[in-house]
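Me: I'd like to learn how to read a protein model. Could you walk me through one, step by step?

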Amino acid sequence: MKRDRGVIDFEDVLLLTVGVLQERPDIADQVRRQYQHFVVDEYQDVSPLQQRLLDLWLGERDSLCVVGDASQTIYSFTGATPDHLLNFRTRHPRATVVKLIRDYRSTPQVVHLANGLLSQARGRAAEHRLELVSQREAGPDPVYAAYADEPAEAEGTARRIRELITPVEQGGGGIPASQIAVLYRVNAQSELYEQALADAQVPYQLRGAERFFERPEVREAGLLLRGAARGGSADPALADADIPSQVRAVLTTRGWTPEPPAGSGAVRDRWESLAALVRLAEDFAASRPGATLSDLVAELDERAAAQHAPTVEGVTLASLHAAKGLEWDAVFLVGLTEGMMPITYAKTEQQIEEERRLLYVGVTRARRHLTLSWALSRAPGGRASRRPTRFLNGLRPGSQAIGARTPGGGGGIERGAAAPGGGGGVRRRRGPVHCRVCGRALTDAGEMKLMRCEGCPSELDEALYERLRDWRAEQAGLLGQPAYCVFTDKTLLAIAEAVPGTEPELARISGVGRRKLDRFGADVLALCAGRELPSALDDEGDGDAGGSHSGDPWQNSTEK
Ligand SMILES: Nc1ncnc2c1ncn2[C@@H]1O[C@H](COP(=O)(O)OP(=O)(O)OP(=O)(O)O)[C@@H](O)[C@H]1O
């Protein structure tokens, strides 16, 4: 097909050049006369074909300098291998090896996390890893932020970015938008961030990919959905189906399938875009009961228009792969859940290790501000079933053993450390409630309950949150009341963030009144302390269906 159309791709450029240099010594001589010395950057990601071309350029000479970092090998899926780098000394015994361990880019806090990530790495590249030493002055600790769902994560990120770009004299960070990046694992994740940044009126640009609504498969899908909305659907039986079913039916004709195609690459990218559209339709239908396919198409048009702002110097949105070699003052690594990081199709140990290196590449892009975030469920109201990436275990606060309350290895914000006025045992006075993270006065009831802005990063102990939810479901069952009558989601979130150790600390959390304290206080404190509770269902002695466990059963189990 390429021959028919008279085009070649980048791989062909290499192949043809190799062919010319091999078969035409006269041309090879001329090229070698013209180019005397060679420097290769990112040498850990060289493919055998690229290595062959380099050898042909060089001929018998060895005027060659290569620069690389085996720990940043992230293109193995294209056939690249760090072996050329790691075997360089064998092939060129006279070569001088300079180990660059001084890191002039990042603060000690960022470098500490980068080193910590690699300390858990395995495989050949890991054997050659270097422990970096920051040469910069200290900066802020990396921020770890758990959000309830993906839109909240995107909105929270956009809000933090707004603060960072606000001029210093107006109380912001004074960082130019061009010095900020949001990095994600797959390009289909960009849509949420494009929308959130557009909503927050933050200029942005995409790197290495087109804007979501400008991608060919998304435009094509848009046209088909528009046709279907006008009644032009090829399948009249679908006219009465719900919006997501209609969208899935239309997108199936463009290659959407319920399960993703195996492996990575262009087919997978295309599928991810279509899957993002399906999710958008599902969320839209859930939030707008009674809406039609035409309404969805109008919504898509609106989003496309909002995200269509002319490209100006702005925040960079990029995949981790596209961020290689770059750096920014502030980097947001988003969507760091199991399944996305490592990505589901990374199965073998080597593939998992490559994912770890990808996260390492992301972390080392940050000069000063680094935020790592994830969402516990995909859509608002969904079950908080997601887990943050395993790669941060032992590194992010609260990620050690279940119930452990000590922060993980250095480099993290310790629980509550960032809470202005939140420390000590001082009783909270009634009056304006301020966000524990950014200090803004809160007016929204839900935010007041959380004691922070919805979008400000939380230091949620998600394992505790899960246990609290399970416990609440059990209590609600016993009481025959809805779960929110025990504690609302917001109160549970606030508890899982604050992890109160004493009754007064628990009492300070909004939504925990005297009655709740008497009834549930001991249970909650036991859970916060990481203790197991006996199942309330086994507790035959409590005849008061609406009453408390009187504190005893779990008090007895405190030695566990
Ligand atoms: N000797 C130095 N003194 C001060 N700053 C330096 C020095 N060397 C490098 N830097 C700065 O450190 C940052 C990182 O340098 P550079 O991009 O060359 O690193 P790198 O090794 O190629 O990183 P990576 O491969 O991870 O992208 C840059 O901002 C650069 O200006």
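This is a predicted model: local features need pLDDT of at least 70, side-chain atom pairs count only at pLDDT 80 or more; totals for chains, interfaces and linings use all residues.

Me: Is Ser47 buried or exposed?

Reply: Buried means under 20% relative accessible area, exposed over 50%, and partly exposed in between (1.4 Å probe, protein chains only). Ser47 has 9% relative accessibility, so it counts as buried.

Me: Which residues is Ser47 in contact with, beyond its neighbours within four places in sequence?

Reply: Contact means heavy atoms within 4.5 Å. Leaving those neighbours aside, Ser47 is in contact with Gly79, Ala80 and His84.

Me: Where does Thr81 lie, then?

Reply: Thr81 is in the loop between S2 and H5. Thr81 counts as buried because its relative accessibility is 18%. If you skip neighbours within four places in sequence, Thr81 is in contact with Gln44 and Val46. Next idea: a polar contact is a pair of N or O atoms within 3.5 Å; within protein, one must be able to donate a hydrogen and the other to accept it, and residues adjacent in sequence count only if both atoms are side-chain atoms. Here, a polar atom of the Thr81 side chain lies 2.9 Å from the backbone nitrogen of Asp83.

Me: What about Gln72, where is that found?

Reply: Gln72 sits in the loop between strand S2 (64-66) and helix H5 (83-86). Gln72 has a relative accessible area of 11%, so it is buried. The side chains of Gln72 and Lys324 are joined by a polar contact of 2.7 Å.

Me: Which residues surround the ligand?

Reply: A residue is near a molecule or strand if one of its heavy atoms lies within 4 Å of it. Around the ligand you'll find Gln72, Tyr104, Arg105, Lys324, Gly325, Glu327 and Arg365. An N or O atom in the side chain of Gln72 is 3.1 Å from an oxygen atom of the ligand. For the side chain of Arg365, an N or O atom is 2.8 Å from a ligand oxygen.

Me: How many of the residues of strand S8 are buried?

Reply: Five of the five residues of S8 (residues 315-319) are buried, so the strand is largely enclosed by the rest of the structure. Val315, Leu317 and Ser319 are on one side, with Thr316 and Ala318 on the other.

Me: Which strand does S6 pair with?

Reply: Two strands pair if DSSP finds at least two bridges between them. Strand S6 (residues 180-184) is joined to S8 by four bridges, and they run parallel. Val182 stands opposite Leu317 in S8. Strand S7 (residues 204-207) also pairs with S8 in the parallel sense, over four bridges. Leu206 has Leu317 as its bridge partner in S8.

Me: And why is helix H19 largely enclosed?

Reply: Seven of the ten residues of H19 (residues 489-498) are buried, so the rest of the structure largely encloses it. Among the buried ones are Leu492, Ile495 and Glu497. Val499 follows H19, and its phi is positive, near 45°.

Terms used
Residues are numbered from 1 along each chain as its sequence is written. Side-chain values use heavy atoms; hydrogens and water are left out. Helices (H or I, at least four residues) and strands (E, at least two) are DSSP runs, numbered from the N terminus.
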